[in-house]
Amino acid sequence: MKVKESGKWKWIFFLYVLIIIRLIVFKYPYSVLREIMDNWQKDVIWEGLDTANFTLFKTIRMYIKYYDRLNSFENLFGNVLIFVPYGILYSLAFPKKRDSILFFPTVFLFVLGIELFQLLSAFGQFDVDDILLNCLGAVIGMMIAFAFRKIKWYDVLKH
């Protein structure tokens, strides 16, 4: 892949990351975010810790149990699907690193950062299952990129 092409994919990857931050962290209307910021106090962190899910599979089990309620399908699959492009775009933006172990810590730290920001800011709710589902989505995206490369569609995406 030429340097120019890799640079193009890096910009697209960067824009995708910004969109993810906007959709996940700043999902509420500006007026609601402004109110959260204006009323933020240290106690918000303690409240966030009380409502946070630190038990792996707790939320996933709840969504499966109440599959007919709680927007279960949207929450489970949405958390996976929103990160599928991460894996695909990462492999295009960083072609020399696509087989590298750097992909896993990069996606994990990005998702963990989002969840910790939600915990500390009250702009969302910390959920360890979100970390698992988001990372799973990125891994699926990386697997799709590998499959594209194997069947030569990857070369079409590069150009």
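**Salt bridges**

I looked up the salt bridges and found that the structure holds two. I used the cut-off of a side-chain nitrogen of Lys or Arg within 4 Å of a carboxyl oxygen of Asp or Glu. The model is a predicted one, where local features need pLDDT of at least 70 and side-chain atom pairs count only at pLDDT 80 or more, while totals for chains, interfaces and linings use all residues. Residues are numbered from 1 along each chain as its sequence is written, and side-chain values use heavy atoms, with hydrogens and water left out.

One of the two pairs Asp-38 with Arg-34, with the closest N and O atoms 3.0 Å apart. I placed both residues in helix H2 (residues 30-39), four residues apart, which is about one turn of the helix. Helices here are DSSP runs of H or I with at least four residues, strands are runs of E with at least two, and both are numbered from the N terminus. Arg-34 is partly exposed at a relative accessible area of 37%. For these classes I took buried as under 20% relative accessible area, exposed as over 50%, and partly exposed as in between (1.4 Å probe, protein chains only).

I then noted the salt bridge between the side chains of Arg-69 and Asp-68, at 3.6 Å from N to O. Arg-69 counts as partly exposed, with 47% relative accessibility.

**Overall make-up**

I counted the secondary structure of the protein chain as nine helices and zero strands. Read from the N terminus, the order of elements is α-α-α-α-α-α-α-α-α. Of the 159 residues in the protein chain, 38% are buried.

**Largest pocket**

I looked up the largest pocket next and recorded a volume of about 390 Å³. The search runs on a 1 Å grid over the protein atoms alone: a cavity is a set of points where a 1.4 Å probe fits but cannot get out, and a pocket is an open set with protein on both sides within 12 Å along at least five of seven lines. Grid points are joined across faces, edges and corners, and the volume is the space filled by probe spheres set on the points.

The lining of the largest pocket has 18 residues, and Lys-27, Asn-75, Asn-79, Gln-118 and Asp-130 lie nearest its centre. Two or more lining residues come from each of helix H1 (3-24), helix H4 (58-65), helix H5 (72-81), helix H7 (103-121) and helix H8 (128-150). A residue counts as lining if it has an atom within 4 Å of a point.

I sorted the lining into six nonpolar, eight polar and four charged residues. Nonpolar covers Ala, Val, Leu, Ile, Met, Phe, Trp, Tyr, Cys and Pro; charged covers Asp, Glu, Lys and Arg; the others, Gly among them, are polar.

**Nonpolar surface patch**

I found a nonpolar surface patch of about 450 Å², made by Trp-11, Phe-14, Leu-15 and Leu-18. Patch residues have over 30% relative accessible area and no salt bridge; like charges are joined within 9 Å, and nonpolar side chains (Val, Leu, Ile, Met, Phe, Trp, Tyr) within 5 Å. Accessible areas come from the Shrake-Rupley method with a 1.4 Å probe, and for residues only the protein chains shown count as cover. Trp-11 lies in helix H1 and is exposed, with a relative accessible area of 60%.

**Buried residues and contacts across the sequence**

I checked Leu-33 in helix H2, which is buried at 8% relative accessible area. Leu-33 and Phe-123 are 90 residues apart in sequence, with 7.2 Å between their C-alpha atoms.

Val-44 sits in helix H3 and is buried, with a relative accessible area of 14%. I noted 6.5 Å between the C-alpha atoms of Val-44 and Ala-122, which are 78 residues apart along the chain.

I looked at two residues of helix H7, Phe-103 and Ile-114. Phe-103 is buried at a relative accessible area of 0%, and its C-alpha is 8.2 Å from that of Gly-87, 16 residues apart in sequence. Ile-114 is buried at 6% relative accessibility. The C-alpha atoms of Ile-114 and Ile-21 are separated by 7.6 Å, with the two residues 93 apart along the chain.

**Backbone at Phe-57**

I looked up phi of Phe-57 and noted a value near 75°, positive in a residue other than glycine. Phe-57 is in the loop between helix H3 (43-51) and H4. Phe-57 is partly exposed, with a relative accessible area of 40%.
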